[in-house]
Structures are given as structure tokens and as C-alpha cells.
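This report considers how a protein chain surrounds a ligand and how its nonpolar residues gather. Please examine the sequence and the structure before reading on.

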Amino acid sequence: MPFALITGGHSGIGYSCARHLASQFTWDLVLAGRSPGRMNQAADGLRRDFGVRVTCIDLDLSSLESVREAAANVITLMDRGEIGALDALLCNAGGRFDGPVAYSEDGYELTFATNCLGHFLLVDRLKDRIAENGRIVFTASGTHDPDTADGKMVGAVVEPDAETLAHIGKNGIAPVSAGKRYSTSKLCNILNAYELHRRLENSGRSVSSIAFDPGSVAGTGFLRGMPAPVRWLAKTAFMQWVFRRRGITMGSLDFSGASLARLAADPGFAEASGKYFQSNDGKLIETRSSTLSYDRARAARLWDQMEDLAGLRPKEDRNRHDDGREADRGCG
Ligand SMILES: NC(=O)c1ccc[n+]([C@@H]2O[C@H](COP(=O)([O-])OP(=O)(O)OC[C@H]3O[C@@H](n4cnc5c(N)ncnc54)[C@H](OP(=O)(O)O)[C@@H]3O)[C@@H](O)[C@H]2O)c1
């Protein structure tokens with residue numbers, strides 16, 4: 001049976017996706033997250049309702065050590081024959097972290113550490129364990145594009161420079177708002193998805209790397225850091241109407257989850273690598289992401305910097321992008 005690993009698969013859009021993968025495609029699942037009790041509950045529901053195999057793996061994406069351990073645990077399960085090669089790796093977990101700037105145990109700004117760096121390292125560790133024709137899908141957000149209503153809603157992106165983003169608010173780097181930290185982390189997800197696509201293609205592997213915007217989805221844990229009245233208001237029909245009027249990309253828990261499942265498993269998306277898809281008002285469409293997201297030099301620099309921050313590159317290889325020549329070597 002094919003199977004997918006999904007980060008944050010026990011709640012919100014991730015859980016909706018897990019239910020669609022199990023019910024429509026009969027895929028087995030690995031749920032990876034930092035809330036073992038809630039993961040086990042979700043896993044029980046998936047087994048009971050759809051008869052699929054579900055394994056839970058502890059993973060705190062904000063901690064590089066936890067990501068390394070989680071990937072090692074997945075590999076051990078594979079080597080023991082308890083699970084097969086991954087048909088899909090869904091980098092779905094994430095969120096916006098309101099309030100003052102906070103840092104991970106590695107000392108990196110929490111939004112960047114969780115949404116970007118943790119997934120970057122997870123993909124690095126598991127990419128050789130992805131089946132041929134398998135897919136890696138990054139859950140991004142329309143907020144990454146400052147030229148859209150989504151981008152204007154939360155705060156325009158700042159320069160996607162990993163060194164700066166990781167240390168925002170310290171080392172003399174000015175803090176930026178939670179909204180900007182979030183939208184920029186999602187821009188980084190898309191730059192990274194495209195860069196990974198080019199690297200996979202150049203290496204001759206038939207693994208896809210896809211970026212996905214679920215649209216604005218009410219009823220998930222996404223606004224958990226917001227005051228209760230804001231959370232309540234966001235779910236009302238009135239606010240949904242206002243969002244539509246303003247041109248916000250509108251998802252729903254069921255449709256956006258189903259869309260993510262289709263990007264992972266539907267043969268109709270076999271040629272989706274290097275592309276960006278949006279779930280909007282009941283349609284899953286391929287569309288263009290922001291102008292900046294297609295900047296290959298920035299994507300290559302971001303990749304190198306994330307390798308450094310995640311401890312993936314020997315010291316002597318560092319600073320290659322500093323003179324600008326190496327940063328332009330974007331693949332493909
Ligand atoms: N809802 C929207 O309007 C919207 C719009 C665009 C994009 N998105 C994106 O969609 C994805 C899913 O969000 P959602 O709306 O479904 O919200 P959600 O219900 O809060 O789901 C987020 C998931 O991420 C997990 N997570 C957060 N920090 C983590 C960490 N350090 N390590 C491991 N897991 C972690 C959460 O786990 P816990 O339960 O343990 O906290 C949760 O399972 C996110 O990437 C979000 O940015 C959402």
C-alpha cells in the first residue's frame with residue numbers, strides 16, 4: 001500500500017488531508033508532530049474509519065535535534081520493513097507565532113525555525129527514502145505575495161535571507177511583525193520548493209516538489225495566538241463574506257485537505273513539480289506565485305544558508321554565496 005508522511009497530520013488541514021488520503025486513495029499514513037496524545041487520537045480515528053495503517057512519530061519542527069531523531073526513526077521503521085518508501089512527504093505543519101519574537105532551542109526565530117528550517121532538514125534527511133515518482137508538497141500561503149489581497153492582509157514579506165530571518169530581533173537585526181515573519185516564511189517555503197524541484201530534476205530523480213496554498217481556512221488551529229473574539233469573528237459567515245469581497249483566496253477545511261491529498265496522490269498531478277497550486281472557492285488551480293518566488297539567485301542563497309543553519313555543510317564550503325557567483329548557480 002502506498003503511504004504518506006504528513007507533518008501536523010493530526011489537526012486542521014493536515015488531518016483533513018489525512019482523512020482524504022485514507023478514504024479516497026486508501027494510503028497508509030505516518031503522522032509526525034509534537035502532540036503525541038492528539039496524534040494517537042487522530043490515528044485511532046483513521047484506523048477505525050478507513051482501516052488504513054497509521055504510525056505516529058514524535059517531531060518538533062522547531063528543534064533540529066528533534067527533526068534529526070524523527071527522520072532517523074522513520075528510516076529505522078523502513079529498514080525493519082515496518083513501512084515502505086515514502087510515496088509522499090507532506091510538509092504541512094506550521095503557523096504564525098503572535099506576540100514578541102520568540103526563539104527555538106537552537107536560537108533561531110520560531111516562525112522561520114518551524115515553518116522553514118525544520119522542514120528543510122526533514123526533507124534533506126528523508127529525500128533518499130522517497131519512492132520514485134513520489135512527491136514532496138510544501139504547504140505555503142497566498143500571504144507570501146505582497147501584490148495580492150492575501151499578502152496585504154497579514155504584512156508584506158521581507159527579504160528572504162535565512163541568516164537574517166533566523167536572527168530577527170537580536171544581533172542588531174530589527175524585529176518585524178508576526179504577520180511579516182509568517183508571510184516571509186511561506187515565501188521561503190515556495191523558493192525552497194522550486195529550488196528542490198530544480199535540484200531533483202538535475203539529479204535525474206523523478207520525485208516532484210510542489211508548492212500549495214490552501215487558501216484562508218476557518219476552523220483550524222491557525223489563529224490560536226489571536227484573542228478569542230478575533231478567532232470567533234474569523235469563523236462567521238460575515239467575515240467570510242468580507243474576505244471574499246476583498247479578494248482573499250478562500251479555502252475550506254474539507255476542500256483544502258482534499259486538495260492537498262490530490263497533490264500527493266492523484267495521478268492527474270504527476271507533472272506538478274516546480275509548480276504552485278491554490279485551493280480557491282472549491283477549485284484547485286495551478287497559478288503563479290509572487291514575482292520574488294521565481295528568483296533563482298535568492299532561492300540558491302536561501303538553500304545554502306539553510307544548509308549552514310541546519311549544520312548540513314562543512315565549514316570550508318560556507319560563504320560560497322558571499323561573492324555572488326555561487327548564488328547564481330541555480331539549477332536548471
Ligand atoms: N488556516 C489557514 O487559513 C491557512 C492559510 C494558508 C496556509 N495555512 C497553512 O496550513 C498549514 C496547516 O495549518 P492549519 O490551518 O491546519 O492550522 P493548525 O490546525 O494549527 O495546524 C498546524 C499544525 O502544525 C503543527 N505544528 C506547529 N508547530 C509545530 C512544531 N514546532 N512541530 C511540529 N508540528 C508543529 C501543529 O501541531 P500542534 O497541534 O501540536 O500545535 C498542527 O498540527 C500551516 O502550514 C499553515 O501555515 C493555513
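The following paragraphs describe the ligand site and then the nonpolar cores.

**The ligand site**

The structure is a predicted model. The ligand is surrounded by 29 residues, and the closest of these are R34, S35, N92, Y182 and R224. Sorted by class, this shell holds 15 polar, 9 nonpolar and 5 charged residues. Two helices, α1 (12-25) and α7 (178-202), each contribute at least two residues to the shell.

Taken alone, the ligand would expose 880 Å², of which the protein buries 97%.

**The nonpolar cores**

In soluble globular proteins, nonpolar side chains tend to be buried together. The largest nonpolar core of this model has 56 residues. Within this core, L5, L89, F112, L126 and I136 touch the most other members. Helix α4 (residues 110-126) provides the largest share of the core, with 9 residues.

Which residues are in contact with L126, leaving aside its neighbours within four places in sequence? They are L5, A71, V74, I75, L86 and L89. Two of these partners, L5 and L89, are also among the residues that touch the most other core members.

Conventions: Residues are numbered from 1 along each chain as its sequence is written. This is a predicted model: local features need pLDDT of at least 70, side-chain atom pairs count only at pLDDT 80 or more; totals for chains, interfaces and linings use all residues. Side-chain values use heavy atoms; hydrogens and water are left out. A residue is near a molecule or strand if one of its heavy atoms lies within 4 Å of it. Accessible areas come from the Shrake-Rupley method with a 1.4 Å probe; for residues, only the protein chains shown count as cover. Helices (H or I, at least four residues) and strands (E, at least two) are DSSP runs, numbered from the N terminus. Ala, Val, Leu, Ile, Met, Phe, Trp, Tyr, Cys and Pro count as nonpolar, Asp, Glu, Lys and Arg as charged, and the others, Gly among them, as polar. A nonpolar core is a set of buried Ala, Val, Leu, Ile, Met, Phe, Trp, Tyr and Cys residues joined through side-chain atoms within 4.5 Å. Buried means under 20% relative accessible area, exposed over 50%, partly exposed in between (1.4 Å probe, protein chains only). Contact means heavy atoms within 4.5 Å.
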